[in-house]
Amino acid sequence: MSVRITDITVGYGSHAFPCCSHLIVGIFIIGSPDTFINKRRAIRLWDFTIHTCPHCPVGMTITGSHDTFVNLRKKTRIWDIVTEFCGIGICVTKSPNTHTNNR
Ligand SMILES: [Zn+2]
Ligand SMILES: [Zn+2]
């Protein structure tokens, strides 16, 4: 299913400080300039989240559809992977009614 701006990611990361590691929750803040799903910008490969890691500011999608593209970038689906840069996460919220690759 399609992921949109303000959809959520959940991950895990560590910077090897005494407080680490951390559960990380992210929210997409960048999406397609011209492609909308449920009136929200479609998320693509390499779009960014801001996230809750106390040591680094953002996450970024690193997987997407093999055959569906938005702005020539792979379309992001639920369960696609984000790098938290200090760890790894997945997309966990999505459009209720728009599907890509049966997700
Ligand atoms: Zn920490
Ligand atoms: Zn971090």
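Predicted model: local features only at pLDDT ≥ 70, side-chain atom pairs only at ≥ 80, totals over all residues.
Me: How do you know what secondary structure the protein has?
Reply: The protein has 0 helices and 10 strands. Read along the sequence, the pattern is β-β-β-β-β-β-β-β-β-β.

Me: What makes the protein as compact as a globular protein of that length?
Reply: Its radius of gyration is 13 Å. The globule rule gives 13 Å for 103 residues. The two values are close, so the description holds. The C-alpha atoms fill a box of roughly 40 × 25 × 20 Å along the principal axes.

Me: How many of the residues count as buried?
Reply: Of the 103 residues, 38% do. The cut-off for buried is 20 or more other C-beta atoms within 10 Å.

Me: Which strands make up the closed barrel?
Reply: The barrel has 6 strands and runs β1-β2-β5-β6-β9-β10, with antiparallel pairing. Neighbouring strands of this sheet are turned by 35° against each other on average, direction ignored.

Me: How do you know that β1 and β2 pair?
Reply: Pairing needs at least two bridges. β1 (residues 8-13) and β2 (residues 22-28) share 6 bridges, so they qualify. Their sense is antiparallel. One bridge sets threonine 9 against glycine 26 in β2.

Me: What makes β1 and β10 a pair?
Reply: They have 5 bridges, against a requirement of at least two, so they count as paired. The sense is antiparallel, and β10 covers residues 87-91. Glycine 13 has glycine 87 as its bridge partner in β10. Threonine 9 stands opposite cysteine 91 in β10.

Me: Which residues of β1 lie on its covered face, and which on its uncovered one?
Reply: Thr9, Gly11 and Gly13 lie on the covered face. Ile8, Val10 and Tyr12 lie on the uncovered one. In a regular strand the side chains alternate between the two faces of the sheet.

Me: How do you know that β9 and β10 pair?
Reply: β9 (residues 81-83) and β10 share 3 bridges in the antiparallel sense. At least two are needed, so the pair counts. Valine 82 has glycine 89 as its bridge partner.

Me: Why is glycine 89 called buried?
Reply: Glycine 89 has 25 C-beta neighbours inside 10 Å. The threshold is 20 or more, so glycine 89 counts as buried. Glycine 89 lies in strand β10. Its contacts, leaving out residues up to four places away in sequence, include Thr9, Gly11, Ile24, Gly26, Gly59 and Val82. Isoleucine 50 is 39 residues from glycine 89 along the chain, and their C-alpha atoms are separated by 13 Å.

Me: Why is proline 54 called exposed?
Reply: Proline 54 has 10 C-beta neighbours inside 10 Å. Exposed means 12 or fewer, so proline 54 falls in that class. Proline 54 sits in the loop between β5 (48-51) and β6 (58-61). Histidine 22 is 32 residues from proline 54 in sequence, with 8.4 Å between the C-alpha atoms.

Me: What makes lysine 39 exposed?
Reply: Lysine 39 has 6 other C-beta atoms within 10 Å. The limit is 12, so lysine 39 is exposed. Lysine 39 is in the loop between β3 (36-37) and β4 (40-41). Lysine 39 is not a glycine, yet has a positive phi of about 65°.

Me: Why is asparagine 101 called exposed?
Reply: Asparagine 101 has 12 other C-beta atoms within 10 Å. The class takes 12 or fewer, so asparagine 101 is exposed. Asparagine 101 is found in the segment after β10. Its phi is positive, about 55°, although it is not a glycine. Most residues other than glycine have a negative phi.

Me: How do you know that the bond between cysteine 20 and serine 21 is a cis peptide bond?
Reply: Omega is about 5° there. Serine 21 lies in the loop between β1 and β2. Most peptide bonds are trans.

Me: Which residues form the largest nonpolar core?
Reply: The core has 8 residues: Val3, Phe28, Ile37, Ala42, Ile43, Val70, Val82 and Cys91. Isoleucine 37 touches Ala42, among others.

Technical notes
Residues numbered from 1 in each chain as written. Chains lettered and ligands numbered in written order. Helix = DSSP H or I, 4+ residues; strand = E, 2+ residues; numbered from the N terminus. Core = buried A, V, L, I, M, F, W, Y, C linked by C-beta atoms within 7 Å. Contact = placed C-beta atoms within 7 Å. Rg over C-alpha atoms; globule rule 2.2 N^0.38 Å. Axes fitted to C-alpha atoms, helices over the stretch in contact; angles between N-to-C directions.
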